Amino acid sequence: MSVPTVVVHRNADVLAKAVAARIITRLVDVQSARGSASIVLTGGSVGIATLAAIAETPARDAVDWRRLDVWWGDERFLPTGDKERNETGAREALLDHVDVDPERVHVMLGPDSGMTAEESADAYAAELRKAARPEDHGPVPSFDVMLLGLGPDSHVASLFPGMPALYDTRPVVAVHGSPKPPPTRISLTFPSIQAAREVWVVSAGEEKAGAVRLALSDSGPFQVPAAGARGRVRTLFLLDRAAAAKIPMGLGRPSSP
C-alpha cells in the first residue's frame with residue numbers, strides 16, 4: 001500500500017473546488033491513456049460539495065462522461081430517491097448534469113428493490129466481479145480514484161470502529177447497528193478499498209482533526225478505520241486547515257494561501 005501524501009487547503013470551499021479540479025485532471029489523464037476510467041463516490045458535505053464544484057466548472061466538459069464507470073463506497077439502505085442516500089445527493093449535485101451512461105452508474109440497491117441488505121451487498125459484489133479484469137487480480141476493479149470521507153470517529157465508507165465489517169474479507173457487506181443513522185448500510189470493505197489505484201480521503205472541519213491525526217499515525221485500522229484507507233499506487237489526504245490542525249508540523253503540504 002502507498003504512503004499517504006497530505007495536502008492542506010485554506011477552507012472547505014477551496015478544498016471542494018481543488019478536489020474537483022484534481023478529479024477532472026485524473027479522469028482525463030486516465031481516459032487519454034486507457035479509453036475509460038472509474039471513480040468511487042462518497043457522500044457527506046464535502047463529498048457532495050466537490051461533485052457540485054465539478055458540475056459548475058466548464059472544465060467538466062474535458063471528461064468523456066460516457067466512458068466513466070461510477071461506483072459508491074457505501075450507501076444508506078434506504079429507498080431510491082431518499083434524500084439521505086449518497087446516490088441521491090450525487091445525482092442532484094453532478095450526475096443529472098452530465099452525460100453519464102446509465103449502464104455505467106452502479107448503485108447500491110435499497111429496500112424498494114425487494115432485497116434485504118445482505119442480498120443488496122451480494123448483488124453489488126457480483127457487479128464488481130463482473131467489471132473486474134484479469135489484470136486487476138481480484139474480485140473488484142482497480143478503481144482509478146476512490147473518494148472517501150472521514151468521520152470524527154475515524155470511520156470511512158460505513159466501516160466504523162469496532163464493527164464486524166472491519167474484519168470481513170468479502171468485497172461488500174451489509175452493516176447493521178451503525179452508530180450513525182440510518183442503522184443499516186451497505187459498504188465496501190478494506191480489500192475493495194485497498195484495491196483502488198488511488199484513494200483520496202477528503203475531510204474538512206475542526207471536529208475531524210483528531211481523526212485525521214490518528215489516521216496518519218501508526219494506529220491500526222480496526223481501531224482507526226481511516227488508517228486502512230490506502231491505495232495501491234497513491235494515497236492522498238486532502239484537508240482544510242481545520243481538519244489538518246492536529247497533524248505533525250511539516251506533514252501537510254499547503255496548496256493555497
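Contact here means that heavy atoms lie within 4.5 Å.

**Figure 1. Overall fold of the predicted model.** The protein contains six helices and ten strands. Its radius of gyration is 17 Å, close to the 18 Å that the globule rule gives for 257 residues, so the protein is as compact as a globular protein of that length. The C-alpha trace spans about 50 × 40 × 35 Å along the principal axes of the protein. Among contacts in the protein with a separation of 6 or more, 75% are accounted for by residues 24 or more positions apart.

**Figure 2. The surface of the protein and its charged side chains.** The protein carries 28 positive and 31 negative side chains, with the centres of the two sets lying 6 Å apart. Of the 257 residues, 54% count as buried.

**Figure 3. The largest nonpolar core of the protein.** This core holds 82 residues, of which Trp72, Met146, Leu147, Leu148, Val172 and Leu188 touch the most other members. Helix H1, formed by residues 12–34, gives the most to this core, contributing seven residues.

**Figure 4. The surroundings of Leu148, one of the core residues that touch the most other members.** When neighbours within four places in sequence are left aside, Leu148 is in contact with Thr42, Val156, Ala157 and Ile193, and also with Val199, Trp200, Val201, Val202 and Ala229.

Methods:
Residues numbered from 1 in each chain as written. Predicted model: local features only at pLDDT ≥ 70, side-chain atom pairs only at ≥ 80, totals over all residues. Heavy atoms only, no water. Helix = DSSP H or I, 4+ residues; strand = E, 2+ residues; numbered from the N terminus. Rg over C-alpha atoms; globule rule 2.2 N^0.38 Å. Buried < 20%, exposed > 50% of the residue type's maximum accessible area, 1.4 Å probe, protein only. Areas by Shrake-Rupley, 256 points an atom, 1.4 Å probe, with all protein chains shown as cover. Lys, Arg positive; Asp, Glu negative; His and termini not counted. Charge placed at Lys NZ, Arg CZ, Asp CG, Glu CD. Core = buried A, V, L, I, M, F, W, Y, C linked by side-chain atoms within 4.5 Å.
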